[in-house]
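I am starting a notebook on a structure that is new to me. Here is what I looked up, entry by entry.

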Amino acid sequence: MAAETPGGSTASIGSFGGRDVHWTEQQGSDPVVLLIGGCGVPSDLWDDLVHLLPDLHILLFDRPGMAGTRWPGKLPSLAAEVATLAGLIDAAGGPAVVVGHSMGGPHAEALARQFPELVAGLVLVDSSVDWQPRPPADTEGGWLGGSERGWLWLARLSYRGMKIPGLRMLGPAVDRLLTAVESRRRTVFSHRLRSSVDTYRSPDTVAMVLAELGSYRRQIWDLFGVRGQHPLPSLPVVVLTASADGGEKWVIVQSRLARLLGGRQVVLADSRHLMMLDRPEVIAEAIRTLH
């Protein structure tokens, strides 16, 4: 059942692409704007951006394991992520301007290549890039490294461990630390919404984050396969690059992505990886340009 949020949007849990996800819809002018967070990024981290776009039709969602949904007990795949995105856009009456942050960037690109009729434009926000992908392996690289089996074991172990009351605050503590490292505007002492604290106290969420990390190598490998089979349609693309951490080397890596996609690169020297916290107005400008 859908619930009305304070801002007038509706939030509910639904099945898209065979997976249950928590999703929020703000009504407004089309085309739809679909916001895809990176690994472990909850949808409420987009709040500052959404407040800058009150007139647009916006979709946000949390991948399985967050916001009241169950972690499926396995590593996610690129195909599953794309199927969920396609289902969300269909439900909203797409096509959509798709905004992908970090690991959500490869998801957005794969969606545009495989379902061009659903995508009106791409905004990639400090997107994950790897120009030398390695094939996934079950045992290579020790117990973690390249081992999907090891990451899955760790995710399942954390799921059981986080059910111990004394360990439940570890998730919110790690979230505070990582957010402070990856943002110039947030510190470990910054106010957190109650929903964010509850999110990272959940065993499902912690297991989901570890499973996403463990799936990264295979998802990037699969993206290269998608690139070889599906040409990118003609559509506007903006690549937003945060250079406060990676410096010139990261700018060059991102510029290569912009050239591959036929897009325009915008470099933000005063932003770290969580650009939706540091410079939401730049993301909003890019969305409006494509919208």
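**Entry 1: two cis prolines**

I began at Pro31, which is found in strand E4 (residues 29–36). Helices here are DSSP runs of H or I with at least four residues, strands are DSSP runs of E with at least two, and both are numbered from the N terminus. A cis peptide bond joins Asp30 and Pro31, with omega at about 5°. I found another cis peptide bond between Gly94 and Pro95, where omega is about 10°. Pro95 sits in the loop between H2 and E6.

**Entry 2: ground rules**

I noted that this is a predicted model, in which local features need pLDDT of at least 70 and side-chain atom pairs count only at pLDDT 80 or more, while totals for chains, interfaces and linings use all residues. Residues are numbered from 1 along each chain as its sequence is written, and side-chain values use heavy atoms, with hydrogens and water left out.

**Entry 3: the whole protein**

I looked up the overall make-up and found 10 helices and nine strands. Of the 291 residues, 55% count as buried. Buried means under 20% relative accessible area, exposed means over 50%, and partly exposed is in between (1.4 Å probe, protein chains only). I also checked contacts, meaning heavy atoms within 4.5 Å. Among contacts with a separation of 6 or more, 75% are between residues 24 or more positions apart.

**Entry 4: the nonpolar cores**

Which residues touch the most other members of the largest nonpolar core? I found Leu34, Val98, Leu111 and Leu122, in a core of 34 residues. Helix H2 (residues 78–92) gives the most to this core, with seven residues. Apart from it lies another core, of 29 residues, including Leu35, Leu60, Leu268 and Ala286. A nonpolar core is a set of buried Ala, Val, Leu, Ile, Met, Phe, Trp, Tyr and Cys residues joined through side-chain atoms within 4.5 Å. In soluble globular proteins, nonpolar side chains tend to be buried together.

I then followed Leu34 itself. Leaving aside its neighbours within four places in sequence, Leu34 is in contact with Leu59, Phe61, Leu85, Leu88, Ile89, Ala96, Val97, Val98 and Val99.

**Entry 5: Val99**

The last name on that list was my next stop. Val99 lies in strand E6 (residues 96–101). Is Val99 buried or exposed? Val99 counts as buried, because its relative accessibility is 0%. Beyond its neighbours within four places in sequence, Val99 is in contact with Val33, Leu34, Leu35, Ile36, Trp46, Val123, Val125, Ile283 and Ile287. I also looked at Gly37: its C-alpha atom is 8.5 Å from that of Val99, though the two are 62 residues apart along the chain.

**Entry 6: positive phi**

Next I went through the backbone angles. Ser102 has phi near 55°, a positive value in a residue other than glycine. Ser102 is found in the loop between E6 and H3, and is buried with a relative accessible area of 11%. Asp126, also not a glycine, has a positive phi near 45°. Asp126 lies in the loop between strand E7 (119–125) and helix H4 (148–161). With a relative accessible area of 4%, Asp126 is buried.

**Entry 7: H3 against H7**

How do helix H3 (residues 104–114) and helix H7 (residues 203–229) pack? Their angle is about 25° and their axes are 10 Å apart. That angle makes H3 roughly parallel to H7. Axes are lines fitted to C-alpha atoms, for helices over the stretch in contact, and angles run from 0 to 180 degrees between N-to-C directions. Angles under 35 degrees count as roughly parallel, over 145 as roughly antiparallel, 65 to 115 as roughly perpendicular and the rest as oblique.

I listed the residues in this contact: H3 brings Pro106, His107, Glu109, Ala110, Arg113 and Gln114, and H7 brings Gln219, Ile220, Leu223, Val226 and Arg227.

**Entry 8: Glu212**

I stayed with helix H7, where Glu212 lies. At 3% relative accessibility, Glu212 counts as buried. Setting aside neighbours within four places in sequence, Glu212 is in contact with Gly38, Cys39, Gly40, Arg63, Pro76, Glu81 and Met103. The C-alpha atoms of Glu212 and Arg63 are separated by 10.0 Å, and the two are 149 residues apart along the chain.
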